[in-house]
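Subject: Structure handover

Hello,

Please find the structure below. My notes on the ligand site and the sheets follow.

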Amino acid sequence: MIQVNIKDVVYLDNNATTRVDERVLAEMMPFFTQHYGNPSSRYYPQAEIAKKAVEKSRFQCAKLIGTKLQEIIFTSGATESNNLAIKGYCLANSTKGKHIITSLIEHRSVLDPIKELEMSGFNVTYLEPDHYGKISTEKVEKAISSNTILVTIMFANNELGTINPIDKISEVCKKKIVVFHCDATQAVGKIPINLKKTPVDMLSFSGHKIYGPKGVGALYIRKKLQKIKLLPLIRGGEHENGLRSGTLNSPCVVGLGAACELAGKLMFEDIKRIHTLSEKLVKNLNLLGGITFNNHPRERLPGTLNLSIDGVNAELLLSRISDRVALSSGSACTSSKTEPSHVLKGIGLTDSMAKSTIRVSIGRFNTENEIEYACEVLM
Ligand code: PMP
């Protein structure tokens with residue numbers, strides 16, 4: 001790799017991960033060196049302060065999505081939250097039925113545990129999205145049978161940015177009395193989510209997509225209505241109500257909470273500014289010609305654009321401009337592979353179109369100048 005000054009590289013890959021907000025980092029710091037006690041220990045201040053901070057974080061997470069703090073458990077990130085929700089629920093409830101509904105374009109951390117369940121005897125319906133990556137409520141409703149125990153559909157797609165009608169899908173699942181899990185990793189903190197109004201039963205999210213630290217996430221598990229029984233995947237110490245054992249990473253848990261609180265406070269400001277920047281990018285890119293946008297034109301995350309550029313090899317383009325602009329040719333989680341992403345295939349792109357596709361994800365710290373510069377580089 002050529003030597004570059006990182007400050008010179010415009011970072012437009014915020015769906016892969018985000019820079020920790022300085023305000024979040026400031027909240028985390030004392031928990032490394034001052035309040036370093038184990039939050040499960042008792043009596044002495046190092047532990048009591050850590051425990052209190054963990055509970056504050058639980059409250060901050062719950063508030064952002066309109067739930068109660070008792071309904072949040074901390075994990076190592078959305079991958080773990082998704083695994084726990086899906087495997088934990090299906091393995092604990094397999095006597096009720098063995099049918100799962102999901103979509104073709106979920107994140108690997110949803111599809112892989114489902115594959116494992118499929119190999120052990122579960123039946124799975126993989127719903128096809130429309131060409132923007134949107135899952136229709138009607139398709140979900142039609143696929144539900146008396147054997148269905150779980151529906152899992154993502155809030156917003158990480159590669160496309162397209163947002164699903166989660167309010168309607170969750171209502172259908174509620175009506176049919178089927179548990180509904182939602183991978184909201186790309187949506188939490190970026191668009192309003194209020195689970196008081198949207199009857200999602202389990203919802204996963206992560207710290208590092210919202211200007212918090214990596215390696216920490218949460219799973220919301222609804223307490224009202226029927227109790228959701230989960231088989232824990234990690235045992236040993238009964239932390240997090242026995243659902244996720246292991247000493248909590250208190251500095252990062254504090255960071256997740258702080259990131260959630262900040263996201264709540266800045267959401268409308270962030271949405272407005274990021275949307276303006278992405279509209280500017282769309283306008284400039286359209287001047288280029290030969291560009292097809294794969295994301296939904298309106299129902300999309302404010303900062304995410306997914307575009308195919310006629311006759312361009314995306315990998316080659318991205319490596320050539322990597323000293324000036326950081327972009328992704330698909331999901332960061334699969335970009336070590338060269339085959340076209342399952343998401344792009346899932347929306348019906350040909351292999352050659354998929355190989356000409358890039359994802360731009362604009363975040364809180366991007367400026368108008370950076371967007372102008374990125375346009376110049378791309379042009
Ligand atoms: N789901 C989605 C939609 C994602 O974008 C990601 C991160 N790429 C994950 C799950 C996994 O999150 P984490 O990195 O916190 O494990």
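A polar side-chain atom of aspartate 183 lies 2.7 Å from a nitrogen atom of the ligand, a polar contact being a pair of N or O atoms within 3.5 Å (within protein, one must be able to donate a hydrogen and the other to accept it, and residues adjacent in sequence count only if both atoms are side-chain atoms). The protein covers 90% of the 400 Å² of accessible area that the ligand has on its own (Shrake-Rupley method, 1.4 Å probe; for residues, only the protein chains shown count as cover). For threonine 79, a polar side-chain atom is 2.6 Å from a ligand oxygen atom; for histidine 107, the distance to a ligand nitrogen atom is 3.3 Å.

This is a predicted model: local features need pLDDT of at least 70, side-chain atom pairs count only at pLDDT 80 or more, and totals for chains, interfaces and linings use all residues. Residues are numbered from 1 along each chain as its sequence is written, and side-chain values use heavy atoms, with hydrogens and water left out.

There are 15 residues around the ligand, and Thr79, Asp183, Gln186, Ser206 and Lys209 come nearest (near: a heavy atom within 4 Å of the molecule or strand). The shell divides into three nonpolar, ten polar and two charged residues (Ala, Val, Leu, Ile, Met, Phe, Trp, Tyr, Cys and Pro are nonpolar; Asp, Glu, Lys and Arg charged; the others, Gly among them, polar). Helix H4 (residues 78-92) gives the most to this shell, with three residues; helices (H or I, at least four residues) and strands (E, at least two) are DSSP runs numbered from the N terminus.

An open sheet of seven strands has mixed pairing and the order S2-S8-S7-S6-S5-S3-S4, where two strands pair if DSSP finds at least two bridges between them. Strands S2 (72-75) and S4 (123-127) are at the edges with a single partner strand each, so one side of each has no neighbour in the sheet. S3 (residues 99-103) and S4 run parallel and are joined by five bridges; in S4, threonine 125 is the bridge partner of isoleucine 101.

A second open sheet, of three strands, has the order S9-S10-S12 with antiparallel pairing. S9 (291-293) and S12 (357-361) are its edge strands, each with a single partner, so one side of each is left without a neighbour in the sheet. Five bridges join S10 (residues 304-309) to S12, and serine 308 has threonine 357 as its bridge partner in S12.

Regards
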